[in-house]
Every structure is written in C-alpha cells, then in structure tokens.
Amino acid sequence: MAWASSFDAFFKNFKRESQILSEENIILIKHYTETNRLEKALSVIQNALRDIENAPLNIAVTGETGTGKSTFINALRGLGQEDVGAAPTGVTETTLKRIPYLHPMFSQVTLWDLPGIGSTSFPPENYLTEMKFGQYDFFIIISATRFKENDAQLAKAITKMNMNFYFVRTKIDTDIDNEQKSKPKTFNKENVLTKIRGDCSRHLQKTFSSEPRIFLVSSFDLSDFDFPELQNTLLRELPAHKRHVFMLSLSSVTEATINLKRDSLKQKAFLEALKVGAWATIPLGGMIMDDIENLDEKFNLYKSCFGLDDASLENIAKKFNTHVNTVKARLRFPHLFTQKSNEFLEDKLRKYIYHISSVTGGPVAAVVYYKRSYYLQNLFIDAAANDAIALLNIKDLLENEVEPYISQPPDYWE
C-alpha cells in the first residue's frame with residue numbers, strides 16, 4: 001500500500017506537459033501495487049519504458065518558399081544554417097516531394113519539410129494523401145506574412161482527419177526590427193505583436209468558427225516571443241510516451257526547457273529503478289565507484305541532453321574567446337567522475353538521499369528510493385541541469401572568479 005501511494009505521489013509532482021507516463025498506466029500500476037500484484041505492475045512499467053524509448057516522433061512542417069521553413073526546422077534540430085546536415089535555406093522550392101531531416105542526436109525524431117500547398121495543384125484532402133498525412137504526429141503551418149486561404153483550408157482538412165495543427169508566424173524578430181527602425185519615436189513592441197497577431201487572425205476567422213491560436217516566433221531565438229508557449233502546447237497535446245524524446249530533442253535555451261528535461265529524465269530513472277526492483281533497500285557503505293563506472297552511458301546522455309558535451313562546451317568557449325577548461329572549471333557536472341571528487345561523492349549521495357526521501361515521503365518511500373543507481377542518476381541529472389541553467393548566463397559565469405569545483409567542499413548538495 002505504501003509502495004502504491006509513494007508511486008502515485010511521485011508522479012503528481014509533474015505537470016501534464018512533462019509527464020511521460022499516461023494517466024491510464026499510472027492508475028494501472030497503482031491498482032496492481034495496492035492489490036499486491038507486483039509482477040503485473042512491473043509488466044506495465046516495462047511496456048511503458050519500451051514505448052518511451054522506441055517512440056518515433058514525426059513533425060510535418062509546411063509553408064510556402066521564403067517563409068523561413070528551413071530555418072525553423074534547423075532551429076528545432078539545434079542546428080545553425082552552416083552546420084553539417086542543416087536544411088538548406090534561401091533556395092527556391094523546386095520539388096513537390098517531402099524531405100525528411102533527422103534530429104542529429106535523437107534519430108527517432110524526424111522533421112519533414114513539406115512543399116507549401118500553394119505550390120501544388122492538389123486540393124487540401126489530396127495534398128494530405130500525397131504527403132502521407134498518417135505518418136505525422138502533428139502539423140506546423142508556417143507563414144512569414146499573413147496566412148492565406150490555402151493555409152486555412154489545409155488546417156480544416158487536417159482537423160477533419162482528427163490530427164493537430166499549429167499556425168506559426170515566423171520572422172517576428174525582423175518585423176520588430178523594421179518597425180523600430182521606421183518608427184523610433186512611437187515604437188512599442190507589444191503593440192506591434194498585437195497588430196501582427198490580429199492581422200493573421202482576421203484572415204483565418206473567415207474559415208474557422210473560433211479564433212485559431214497563432215504562435216509568433218523567431219527561429220534565431222527560441223527563448224523569445226511565443227516559442228516557449230508553442231513548446232508547452234505541443235507537449236501537452238502529444239501522447240505521454242512521446243513527450244520524453246521531444247523534450248530531450250529541444251535546445252536548452254530557457255530555464256523552463258531545462259527543467260522540463262530534468263523532470264522527464266527523473267521520471268525515466270524512477271521507472272527504470274522500479275523495473276529492476278528498486279524497492280529493495282541496498283546498504284550504502286563503502287566507496288561507490290563501481291556504480292559510477294556502470295553509469296557511463298547515462299552520464300554521457302545527460303551531458304548531451306543539457307549541452308555539456310565537449311563539442312558544445314568548445315563552441316561556447318570559442319564564442320567567448322576563452323579556453324574550454326575555463327568554462328569547465330565553473331561547472332559542477334564535468335567533475336563528478338574525477339578522482340579528486342570521489343572523496344566527496346559518497347557524502348553528497350547520502351545527503352541527496354536524505355533530501356529526496358524527506359520530499360517524497362521519508363521512511364514510507366525508502367522501499368522505492370534506496371537504490372544507488374537511481375540516486376546517482378538523480379545526482380547527475382540535477383548537476384547537469386543546474387550547470388545548463390548557469391550557462392544561460394555564461395557571461396556572468398565567466399566573469400565570476402571562482403575556484404574549480406573539485407577543490408570545493410561538498411555543500412552544493414546540501
């Protein structure tokens with residue numbers, strides 16, 4: 001009974017957009033544990049983990065040539081225009097075929113560049129059939145000006161097929177800059193955004209009974225305008241098992257996105273711990289380097305997810321004209337595996353276990369949480385997420401003269 005309530009309490013800590021386990025599965029697992037049918041509970045957990053790990057995500061992006069479609073696709077893939085594998089920009093659309101672009105880190109995420117419906121002779125229903133509409137999880141309809149009648153009719157056809165679509169108005173940063181330059185005395189950013197949104201809505205209201213939601217974005221700054229809200233909307237409306245890979249595929253450009261990744265990874269670590277029998281209390285005496293070495297793969301995954309891998313840190317160092325070791329010295333995560341930090345790690349782990357147990361139920365939760373690999377993963381996730389948040393203000397971080405982490409006392413985890 002305590003196991004079930006602890007499980008239920010854990011997942012209640014997460015908002016809908018970050019939950020990677022469906023409500024149906026949560027109810028099933030709780031029911032099986034309350035009735036002491038742990039084998040059935042573990043079967044549900046194992047199947048859920050398989051679905052989460054293998055879930056493909058296919059995103060259709062459609063719009064006319066010149067709307068910033070390729071730039072938007074590259075932004076979602078975390079690539080710049082000149083990076084290897086980036087979708088070509090500034091080219092006239094000459095093909096009526098869809099083009100797939102894999103995410104560079106998560107191969108199960110594919111963004112499909114679809115030709116704008118206006119560049120084809122197909123009516124909306126036929127266009128969707130030609131573009132194999134059944135393969136996508138949702139559609140993003142892009143425009144850099146006003147949405148046209150073709151866009152509205154396409155959205156209506158998508159709705160009839162019980163699929164989700166989202167209107168995205170791109171190049172908002174350019175519009176803002178142009179308005180500010182042309183009207184420096186009367187310029188008001190919020191008024192400009194309201195006007196753009198209103199213009200887009202008016203052209204779509206003729207087709208829709210209610211005002212459709214329009215997201216204003218800049219593909220060069222996903223932390224600004226409506227992209228964070230678009231991100232949360234997509235996550236809320238995706239099936240639970242597909243949220244994990246989508247969250248991890250997003251660039252760590254805001255604290256909110258980083259925390260969504262943190263939540264997703266913690267839930268997966270929790271489910272994995274349950275699968276292998278995390279309810280068994282394991283003594284924590286002695287050094288724990290064996291556990292650390294077995295978690296190399298997780299460690300590297302977390303580095304990549306939060307932009308702390310060597311290539312990402314090298315790029316940051318180059319951008320700020322400093323050595324990569326200068327950046328690493330101000331971060332905690334890169335030093336968790338170093339020899340000097342081993343003397344601190346066991347103490348950190350003990351404190352971390354006490355902290356999580358106090359938050360999630362103390363002794364009641366102990367049967368679930370006393371698994372060293374689970375706590376180590378949580379320690380890694382929190383260290384990586386906190387470093388990623390610190391890197392959002394990299395300039396301040398570099399200007400702040402601090403001693404390297406490995407020579408600091410272990411009070412960071414208190």
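Aromatic pairs in this predicted model number 12, where rings of Phe, Tyr and Trp (its six-membered ring) pair if their centres lie within 6.5 Å. Local features need pLDDT of at least 70, side-chain atom pairs count only at pLDDT 80 or more, and totals for chains, interfaces and linings use all residues of the predicted model. Residues are numbered from 1 along each chain as its sequence is written, and side-chain values use heavy atoms, with hydrogens and water left out. The protein chain holds 19 helices and 6 strands; helices (H or I, at least four residues) and strands (E, at least two) are DSSP runs, numbered from the N terminus. Of its 414 residues, 50% count as buried, meaning under 20% relative accessible area, while exposed is over 50% and partly exposed is in between (1.4 Å probe, protein chains only).

**Aromatic rings**

- A pair of aromatic rings is described by the distance of the centres and the angle of the planes.
- Planes under 30 degrees apart count as stacked, over 60 as edge-to-face and the rest as tilted.
- The ring centres of F10 and F14 are 5.2 Å apart and the planes stand at 65 degrees, so this pair is edge-to-face.
- F10 and F14 are both buried.
- F10 also pairs with F270: the centres are 3.8 Å apart and the planes are at 10 degrees, so these two rings are stacked.
- The pair of F10 and F270 links distant parts of the chain, since F10 belongs to helix α1 (residues 2-11) and F270 to helix α11 (residues 255-275), 260 residues apart.
- Like F10, F270 is buried.
- One aromatic cluster is formed by F10, F11, F14 and F270.
- Elsewhere, the charged end of R98 sits over the ring of W112, at 4.0 Å from its centre; this requires NZ of Lys or CZ of Arg within 6 Å of the ring centre and within 35 degrees of the ring normal.

**Packing of α9 and α10**

- Helix α9 (residues 227-237) packs against helix α10 (residues 240-249) at an angle of about 155 degrees, and their axes are 9 Å apart.
- Axes are lines fitted to C-alpha atoms, for helices over the stretch in contact, and angles run from 0 to 180 degrees between N-to-C directions.
- The two helices α9 and α10 are therefore roughly antiparallel; angles over 145 degrees count as such, under 35 as roughly parallel, 65 to 115 as roughly perpendicular and the rest as oblique.
- On the α9 side the contact is made by Q231, L234, L235 and R236, and on the α10 side by R243, F246 and M247, where contact means heavy atoms within 4.5 Å.
- By class, the contact of α9 with α10 has 4 nonpolar, 1 polar and 2 charged residues; Ala, Val, Leu, Ile, Met, Phe, Trp, Tyr, Cys and Pro count as nonpolar, Asp, Glu, Lys and Arg as charged, and the others, Gly among them, as polar.

**Contacts across the sequence**

- Among contacts in the protein chain between residues at least 6 apart in sequence, 71% join residues at least 24 apart.
- A60 is part of strand β1 (residues 57-63) and is buried, at 0% relative accessibility.
- Apart from neighbours within four places in sequence, A60 contacts W112, L114, Y136, F138, F139 and I140.
- A157, in helix α6 (residues 149-160), is buried with a relative accessible area of 3%.
- Not counting residues up to four places away in sequence, A157 touches P124, E125 and L128.
- A157 and Y127 are 30 residues apart in sequence, and their C-alpha atoms are 9.6 Å apart in space.

**Loop residues**

- Most residues other than glycine have a negative phi.
- K132, which is not a glycine, has a positive phi of about 55 degrees.
- K132 lies in the loop between α5 (124-130) and β4 (138-143), and counts as partly exposed at 43% relative accessibility.
- F225 is a residue other than glycine with a positive phi, near 60 degrees, in the loop between β6 (214-216) and α9.
- S223 is found in the loop between β6 and α9 and is partly exposed, with a relative accessible area of 34%.
- Leaving aside neighbours within four places in sequence, S223 is in contact with P228, V253 and T254.
- The C-alpha atoms of S223 and S251 are separated by 9.6 Å, and these residues are 28 apart along the chain.
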